[in-house]
Amino acid sequence: MNSNTSAMTNKSVLLGLVQLMRPRQWIKNGFVFAPLIFSGLFLDVFAISQALIAFLLFTMASSATYVVNDLRDIEDDRLHPVKSKKRPLASGWVSPVQAKALLAILYASLAIGFVFQPMIMAVIVSYLLLNVAYTFYLKHQPVLDIFTIAIGFVLRVYAGAMAIDVPVSSWMFVTTLSLALFLGSIKRRQELTQSGEGARKVLKMYSVSIVDKFAEISATGALLFYSFFVMSARPELVVSVPFVIFGLFRYWYIVEFMGEGESPTDALLNDKQLLITVIGWLIASVWALWPAGGL
């Protein structure tokens, strides 16, 4: 093997390791910034730095869970028509030994976090343990699998609040839970309709009609709880409510007519209207709270 071939191989492995961490999914960790926005501390340099640290730690933690999941599912992924080509481990792009080395590096980096952010790391450890349980058991249990995904988002919000040392209203928690349940239900729906029951074992215990009901209940709950939060705690945020309503409508539209939704991140990044809606909500919220303080 000449030096050029060796360099290309090393580059290929490096790209595979990066892909193994699923960087497109890191956008989910943006939930840690919710307390920063709603607290009105988005102009505080120290608060911003702490929120960024929480985001970085959760990015490493979520990447570690993806590596564990792909190591666990490598044989099943090799039989999948899409994952066998796109997943670095299943496609042979990255070896299990290399993946385990990456996992060790991620865990070691997270361990350092205990020195600087022990409280946030306590939340992240809970997240890691929850996802280990999900990978080896909970993802095969109907309903529990969707709730496990949703709790991961709630933990992100909680970590974001701990990072900047502010309390989080119960409305924010239940709104986050409802929104995450909606996204999780839609994910299962799209897996059923696009890949069938063979995509994952738990899908054999679902039907499109029941996950549609889960999604409808969750979407309604997210809208109601967010509206209650606005009216009871942050009336100035009423300008953001139309963005939430449109966002839910638009998401359901691209699920029904454009086949998106199996990956919420891809749905957001691939649809300009949805992306503009999220950005519009963020701008409206910051404008309404400027320079307000307190959750």
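1. Leaving aside neighbours within four places in sequence, Gln25 is in contact (heavy atoms within 4.5 Å) with Tyr66, Ser263 and Thr265. The model is a predicted one, in which local features need pLDDT of at least 70 and side-chain atom pairs count only at pLDDT 80 or more, while totals for chains, interfaces and linings use all residues. Residues are numbered from 1 along each chain as its sequence is written, and side-chain values use heavy atoms, with hydrogens and water left out.

2. Gln25 lies in the loop between α1 (3-20) and α2 (34-38), yet Gln25 counts as buried because its relative accessibility is 13%, the cut-off for buried being under 20% relative accessible area with a 1.4 Å probe and protein chains only. The side chain of Gln25 makes a polar contact of 3.0 Å with that of Lys28 and another of 3.5 Å with that of Ser263.

3. Helix α3 (residues 45-72) packs against helix α8 (residues 118-136) at an angle of about 20°, their axes lying 10 Å apart. The two helices are therefore roughly parallel, a term for angles under 35 degrees, and the crossing of α3 and α8 is right-handed. Residues making the contact include Leu57, Phe58 and Arg72 of α3 and Ile124, Tyr127 and Phe136 of α8.

4. Helix α10 (residues 170-195) has 26 residues and reaches 37 Å from its first C-alpha to its last, close to the 38 Å expected at 1.5 Å a residue, where the expected span is 1.5 Å times one less than the number of residues. After α10 comes Gly196, which has a positive phi near 80°.

Methods:
Helices (H or I, at least four residues) and strands (E, at least two) are DSSP runs, numbered from the N terminus. Buried means under 20% relative accessible area, exposed over 50%, partly exposed in between (1.4 Å probe, protein chains only). A polar contact is a pair of N or O atoms within 3.5 Å; within protein, one must be able to donate a hydrogen and the other to accept it, and residues adjacent in sequence count only if both atoms are side-chain atoms. Axes are lines fitted to C-alpha atoms, for helices over the stretch in contact, and angles run from 0 to 180 degrees between N-to-C directions. Angles under 35 degrees count as roughly parallel, over 145 as roughly antiparallel, 65 to 115 as roughly perpendicular and the rest as oblique. A crossing is left-handed if the near helix is turned anticlockwise from the far one by less than a right angle, and right-handed if clockwise.
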